Amino acid sequence: MAEAVGRMLAERGAVVVCGGLGGTMEAACRGAKDGGGTTLGILPGFDRADANPYVDVAVATGLGEARNALVARAADALIAVGGEWGTLSEIALALRAGKRVVGLGTWELAKAGRPVEGIVAAANAAEAVELALG
């Protein structure tokens with residue numbers, strides 16, 4: 001899913017911004033490169049060489065998980081694909097900043113057991129990209 005999202009974003013002219021490491025981040029970057037796009041990896045450590053091989057511009061922050069705030073703020077909209085705690089923090093930071101957040105097989109939000117609006121659910125990669133860019 002992440003690779004398809006990255007490719008479709010690139011085909012629509014978007015720059016893919018992510019944490020720059022492996023897994024879902026690498027898949028999104030690989031897809032973006034396949035789609036002829038540009039990728040920006042905002043890394044948690046001090047070494048740009050830690051970026052996955054599909055990152056065009058690697059920013060080594062030395063901020064650890066705090067770099068999630070930079071990822072959330074640098075993006076015009078956020079597409080969360082799957083994810084763990086770091087993804088959840090990026091979702092919260094993006095929502096706090098008033099950014100559109102689209103979810104694809106990711107977290108659902110609730111407060112006191114009641115669903116909270118914020119993440120717009122997408123059924124597939126194409127819908128996620130349309131919702132993010134639309």
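In which sense do strand S5 and S8 pair, and over how many bridges? Strand S5, residues 100-104, pairs with S8 in the parallel sense, and the pairing runs over 3 bridges. The model described here is predicted.

## Sheet S4-S5-S8

The pairing of S5 with S8 belongs to an open sheet of 3 strands, ordered S4-S5-S8, in which the pairing is parallel. Strand S4 (77-81) and strand S8 (119-121) are the edge strands, and each of them pairs on one side only. Neighbouring strands of this sheet are turned against each other by 30 degrees on average, direction ignored.

At the level of residues, Val102 stands opposite Val120 in S8. Strands of a sheet pair through backbone hydrogen bonds, either parallel or antiparallel.

## Sheet S1-S2-S3

Another open sheet of 3 strands has the order S1-S2-S3, with parallel pairing. Strand S1 (16-18) and strand S3 (57-60) stand at the edges; each has a single partner strand, so one side of each is left without a neighbour in the sheet. From one strand to the next, the twist averages 10 degrees.

Strand S2, residues 39-43, pairs with S3 in the parallel sense over 4 bridges. Ile42 stands opposite Val59 in S3.

## Helices across S1 and S2

Helix H2, which spans residues 24-34, lies across S1 and S2 and runs at about 165 degrees to S1. Helix H3, with residues 67-74, also lies across S1 and S2. For helix H3 the angle is given to S2, and H3 runs at about 155 degrees to that strand.

## Packing of H1 with H2

Two packed helices are described by the angle between their axes and the distance between the axes. The axes of H1 and H2 come within 6 Å and cross at roughly 35 degrees. The crossing in which H1 passes H2 is right-handed.

On the H1 side the contact involves Ala2, Glu3, Gly6, Arg7 and Ala10. These meet Thr24, Ala27, Ala28, Arg30, Gly31, Ala32 and Asp34 in H2. By class, the contact of H1 with H2 comprises 5 nonpolar, 3 polar and 4 charged residues.

## Packing of H1 with H5

Helix H1 (residues 2-11) also packs against helix H5 (residues 125-133): their axes come within 9 Å and cross at roughly 45 degrees. H1 and H5 are therefore oblique to each other. The crossing of H1 and H5 is right-handed.

From H1, the residues that make the contact are Ala4, Val5, Met8 and Leu9. From H5, they are Ala125, Ala126, Val129 and Leu133. The residues of this contact of H1 with H5 divide into 8 nonpolar, no polar and no charged.

## Aromatic pair

A pair of aromatic rings is described by the distance of the centres and the angle of the planes. A search of the whole structure finds 1 aromatic pair. The rings of Trp85 and Trp107 have their centres 5.1 Å apart and their planes at 40 degrees, so the pair is tilted.

Trp85 lies in helix H4 (residues 85-96), whereas Trp107 lies in the loop between S5 and strand S6 (110-111). The two residues are 22 residues apart, and the pair links distant parts of the chain.

Methods
Residues numbered from 1 in each chain as written. Predicted model: local features only at pLDDT ≥ 70, side-chain atom pairs only at ≥ 80, totals over all residues. Heavy atoms only, no water. Pairing = 2+ DSSP bridges. Axes fitted to C-alpha atoms, helices over the stretch in contact; angles between N-to-C directions. Parallel < 35°, antiparallel > 145°, perpendicular 65-115°, else oblique. Left-handed = near helix turned anticlockwise from the far one by under 90°. Contact = heavy atoms within 4.5 Å. Nonpolar A, V, L, I, M, F, W, Y, C, P; charged D, E, K, R; others polar. Phe/Tyr/Trp six-rings, centres within 6.5 Å; stacked < 30°, edge-to-face > 60°.
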